[in-house]
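Hi everyone, thanks for having me. Today I'd like to walk you through one protein chain, a step at a time.

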Amino acid sequence: MKTIIRNYEVEDWEIVQKFIKLYWNKNSPMIDHSLFEWQHKGYGDLGGSSTTQLLFYDDVLIGFLGSTPVMFQIPRKDKTKIISGIESATWVIHPDFRNRGGGILLLKKTMELGDCLVAQGANDEAVRYFKGLGFDYSEALNRYVIPLDRDGYLKLLSQKPKSNELQTWFDSIDLKSVPSLRSFNPDPGRLESLWRRSTERRDMLTLYRSSDFWSWRYIKNKGFKYYFLGDTSTRGIVVARVEPIFHPKDSLLHGLKVLRIIEMVPFNWKVWDGMVDAKFVDLIKSVLKWGKSEGCVAADFQCSTKRFETILKSVGFKRQNKSYGPPLCSLAGLFQPFRFKPHLINTLWRLDYLDKIIHVPVDDTYILKSDGDMDRPNIWPMPENLG
Ligand SMILES: CC(C)(COP(=O)(O)OP(=O)(O)OC[C@H]1O[C@@H](n2cnc3c(N)ncnc32)[C@H](O)[C@@H]1OP(=O)(O)O)[C@@H](O)C(=O)NCCC(=O)NCCS
């Protein structure tokens with residue numbers, strides 16, 4: 001009887017695919033080979049060399065912990081430090097082998113591969129294990145929402161707001177006075193320079209957004225089309241997706257579009273400290289205007305820190321609370337497939353630098369919906385007319 005843990009190799013694909021189907025989710029998009037390979041490739045020092053761990057018992061696959069190699073920049077008083085790290089994804093042990101230490105073994109092996117590990121969207125059981133291993137925890141990403149079309153937005157609310165409340169909010173959002181814009185074809189090197197300039201004075205735990213990051217995560221993404229808006233030399237950039245709602249049983253909702261703002265990088269680094277930079281405000285408004293012209297009825301943005309809250313509120317966004325309220329902000333949480341109140345996206349992070357666990361306050365992290373396997377298709381392949 002022999003137990004072995006080793007890295008996933010492409011030759012393992014068939015058994016891994018079968019394992020995910022049987023013991024995780026038979027409809028998981030991760031059973032698509034190209035999506036799987038893209039997600040597990042990652043970037044940085046370990047990029048392309050699989051960090052995903054497999055557990056075998058007598059040559060039979062009994063455990064799987066998917067992960068993505070990435071680079072983190074970490075908070076250090078003297079200068080920004082860049083280290084190798086991991087974002088974890090699907091974690092499953094064969095039902096007959098649970099509670100025998102296999103799951104924790106896979107997690108510990110993964111943690112050894114880098115100095116920082118980030119996980120998102122963990123269930124209660126997994127959260128308990130992560131916390132037991134010294135991870136910091138945040139119950140939910142902060143989610144900011146805004147209407148782009150009053151009637152369309154109303155359809156996506158799980159609770160009815162007071163009369164006139166929505167109209168008053170909607171009327172206060174001025175998108176007419178800002179210029180229209182088009183998405184641009186990004187140069188990953190310039191995006192890296194923008195990122196460095198924007199964040200070099202700010203101590204944060206976040207992905208190091210090198211040119212390889214931009215290329216892998218968004219430009220060559222296998223699941224979604226991401227749009228780059230803004231510029232790298234004056235205002236900063238926003239990365240967004242247009243997400244059509246998938247709800248074939250409800251013709252009022254099916255096909256309505258939502259603008260998912262995924263990344264924001266201000267050119268003016270003071271925005272990270274709460275400054276309301278007029279150029280960045282106008283950029284975000286222009287992005288909303290663009291989303292509206294693409295037919296979106298609402299927009300949202302999710303991130304771990306509240307550092308952008310002041311600027312987002314000055315644009316017109318409101319923060320949704322952790323119960324998907326108040327009614328005015330009760331925008332549905334999942335659009336493909338449509339669900340009003342899916343599980344919140346929780347975040348776990350563990351920085352173990354120079355053999356010491358460094359606890360990082362959540363507001364000093366910049367972890368986004370696109371981290372930790374959270375921004376990828378849930379339905380695959382997507383029906384063609386939904387894009
Ligand atoms: C979550 C999951 C991967 C954990 O794997 P696991 O192999 O069952 O976990 P472990 O056995 O390593 O740890 C579970 C318990 O066994 C205990 N344990 C560890 N080593 C042990 C050993 N040698 N003998 C007995 N018990 C042991 C652990 O301390 C833990 O105890 P606790 O629950 O009291 O804290 C597994 O339960 C699973 O596949 N669940 C379904 C999928 C899922 O929910 N995945 C997480 C998605 S976010």
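This is a predicted model: local features need pLDDT of at least 70, side-chain atom pairs count only at pLDDT 80 or more; totals for chains, interfaces and linings use all residues.

**A strand and its neighbours**

S3 and strand S4, which covers residues 81–93, run antiparallel and are joined by 11 bridges. S3 also pairs with strand S2, residues 53–57, again in the antiparallel sense, this time over five bridges. If you look for Leu54, its bridge partner in S3 is Phe64. The hairpin of S2 and S3 has two residues between the strands, and Asp58 there takes a positive phi near 50°.

There is one more partner to point out. Strand S8, residues 205–207, is antiparallel to S3 and joined to it by two bridges. Here Phe72 has Leu207 in S8 as its bridge partner.

So, is S3 largely enclosed or open? In S3, 13 of the 15 residues are buried, so the strand is largely enclosed by the rest of the structure.

Now let's zoom out. The chain is divided into domain 1, 3–138, and domain 2, 142–342. Their C-alpha centres lie 29 Å apart. Domain 1 brings 18 residues to the contact, and domain 2 brings 14. On the domain 1 side, the elements giving two or more residues are helix H2 (33–41) and strand S3 (60–74). Which of them gives the most? That would be S3, with five residues. By type, this side of domain 1 has nine nonpolar, seven polar and two charged residues.

Terms used
Residues are numbered from 1 along each chain as its sequence is written. Domain bounds come from an automatic or database domain assignment. Two residues are in contact if their C-beta atoms, placed from the backbone, lie within 7 Å. Helices (H or I, at least four residues) and strands (E, at least two) are DSSP runs, numbered from the N terminus. Ala, Val, Leu, Ile, Met, Phe, Trp, Tyr, Cys and Pro count as nonpolar, Asp, Glu, Lys and Arg as charged, and the others, Gly among them, as polar. A residue is buried if 20 or more other C-beta atoms lie within 10 Å of its own, exposed if 12 or fewer, and partly exposed in between; C-beta atoms are placed from the backbone. Two strands pair if DSSP finds at least two bridges between them.
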